[in-house]
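Subject: Structure handover

Hi,

Here is the structure I promised to pass on. Please open it next to this email and follow along.

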Amino acid sequence: MLFVTPSAFCQSEVLKGVINDLAFYKAKKDLKYLSGAKTTVDSLIKASPDSLDLERNIYKAVIYSSILYIDSLNKLHQPDAMFQQTCDLVDRLGGYRKISKYEAELDYSKRCLANVFIRKAFVLINRSELSDALQLLETAKKYAPDFKPIAAYIAYADNKLGNLHAAAKYYEALVGGDSTKAEYAESASNIYKSFGDTLSALNVVKKARKVLPKDRSLLLDEANIYTNRKDYHSLVNLLPALLDINSNNADIAFVAANCYDHLNQYGTAESLYLRSIELNSSAYDAIFNLGLLYFRQSKHAQNADKQLDESRAAQWLERANEISPNETSCLQVLKLVYQQTGNQNQLNKINNKLKQLTN
């Protein structure tokens, strides 16, 4: 709740009744005291020959904005025109030369009005009236520019309306400080990736991870970006943490294995391919890559386990072929394996299969 009886009010005798009503409301949370404060301040302004009396009008702004914010169900039966009347008053007070004396009170009134605009915007969002809701949210931001959630609400509305560049900028602006939330960075990242701008997506995720280093979704997003860009030297630095929090995830084990494979760390790659297959016995990519790894190892001139690696390559590639029998890339590698081992019977079978598929 934003309502706090402003401590900076001077204790003038004329406004003593208003001050007392505000104090009673703060203590008892009974709307009748706000109603009483409104009645009193209205009568004071009406009775005063100077309708621009700054002190009385700042009280009026505080009381009116408080009622609009707190009495959301309008139990006090205020007229609809009161909202615009209060906005006009607050805007007018902001232009007064001596308003600095009441800066805290004016900021309070603005925050109350900002929340009313947000509340009205949410009603429109629920009706899918997003354009009108966006206008209300942008007005709310003018009244409370430092209230970070408003930027998130605007970004949401922009995103729904297809204003993707604007949405991404609003989400990104929320990343990097105390207000950082993983969903803000993820939203910005997803929008940038939809444009094909993976560099901006990566930058916003890395920025968020400096504040939220243990967030799983951000870690996975950064790892996925490196994987898609085939940036294995950057990806490898994330793998220990990634594997630690996803120890039973076959896909993560495969991503890690593939990374180590490309970095020529074959022992680690082999272990992780086997782990991925253990977790998902029908994982074609892991099975095919493992067979391919053994085949590459069998071609090394100084490999003492050449025949064992050839046998392993054939075994895993045949298994991959059983899972996806029409995958020509697997058949092509099997063809090379059987050419290398001189297994003419299997080679003939593979050649016949390839002819059938290509014809």
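This is a predicted model: local features need pLDDT of at least 70, side-chain atom pairs count only at pLDDT 80 or more; totals for chains, interfaces and linings use all residues.

**Cysteines**

Take C112 as a test case. The closest cysteine sulfur to that of C112 belongs to C87. The two sulfurs are 11 Å apart, which is too far for a bond. The cut-off for calling a disulfide is 2.5 Å. C112 is also buried, at 0% relative accessible area. C330 has a relative accessible area of 0% as well, so C330 counts as buried.

**Helices α5 and α6**

Two packed helices are described by the angle between their axes and the distance between the axes. Start with α5, residues 103–126, and α6, residues 130–143. Their axes lie 8 Å apart, and the packing angle is about 170°. The two helices are therefore roughly antiparallel. The crossing of α5 past α6 is left-handed.

Which residues make the contact?

- From α5: K110, L113, A114, F117, I118, K120, A121, L124 and I125.
- From α6: L130, D132, A133, L136, L137, T139, A140 and Y143.

By class, the contact of α5 with α6 has 13 nonpolar residues, one polar and three charged.

The loop between α5 and α6 holds S128. S128 is not a glycine, yet its phi is positive, at about 65°. Most residues other than glycine have a negative phi, and most peptide bonds are trans. Is S128 buried or exposed? Exposed, with a relative accessible area of 58%.

**Helices α4 and α5**

Helix α5 also meets α4, which covers residues 81–93. Here the axes come within 11 Å and cross at roughly 145°. This crossing is left-handed.

- From α4: F83, T86, C87, V90 and L93.
- From α5: L106, S109, K110, L113, V116, F117 and K120.

The residues of the contact of α4 with α5 divide into eight nonpolar, two polar and two charged. C87, the cysteine named above with C112, is part of this contact. K110, L113, F117 and K120 of α5 touch α4, and they also touch α6.

Helix α3 spans residues 54–70 and includes Y59. Y59 is buried, with 0% relative accessibility. V18 is 41 residues from Y59 in sequence. In space, their C-alpha atoms are 8.1 Å apart.

The loop between α3 and α4 contains N74. Its phi is positive, about 55°, although N74 is not a glycine. At 30% relative accessible area, N74 is partly exposed.

**Helices α9 and α10**

Helix α9 runs over residues 182–194, and helix α10 over residues 198–211. Their axes come within 8 Å and cross at roughly 170°. That makes α9 and α10 roughly antiparallel.

- From α9: A185, A188, S189, Y192 and K193.
- From α10: S200, A201, V204, V205 and A208.

Seven residues of the contact of α9 with α10 are nonpolar, two are polar and one is charged.

**L239 in α13**

L239 belongs to helix α13, residues 239–245. Its relative accessibility is 0%, so L239 counts as buried. What does L239 contact, leaving aside its neighbours within four places in sequence? A256, C259 and Y260. L239 and A223 are 16 residues apart in sequence, with a C-alpha to C-alpha distance of 8.1 Å.

**F288 in α16**

F288 sits in helix α16, residues 284–298. It is buried, at 11% relative accessibility. Buried here means under 20%. E318 is 30 residues from F288 in sequence, and their C-alpha atoms are 8.8 Å apart in space.

Best wishes

Technical notes
Residues are numbered from 1 along each chain as its sequence is written. Side-chain values use heavy atoms; hydrogens and water are left out. Buried means under 20% relative accessible area, exposed over 50%, partly exposed in between (1.4 Å probe, protein chains only). Axes are lines fitted to C-alpha atoms, for helices over the stretch in contact, and angles run from 0 to 180 degrees between N-to-C directions. Helices (H or I, at least four residues) and strands (E, at least two) are DSSP runs, numbered from the N terminus. Angles under 35 degrees count as roughly parallel, over 145 as roughly antiparallel, 65 to 115 as roughly perpendicular and the rest as oblique. A crossing is left-handed if the near helix is turned anticlockwise from the far one by less than a right angle, and right-handed if clockwise. Contact means heavy atoms within 4.5 Å. Ala, Val, Leu, Ile, Met, Phe, Trp, Tyr, Cys and Pro count as nonpolar, Asp, Glu, Lys and Arg as charged, and the others, Gly among them, as polar.
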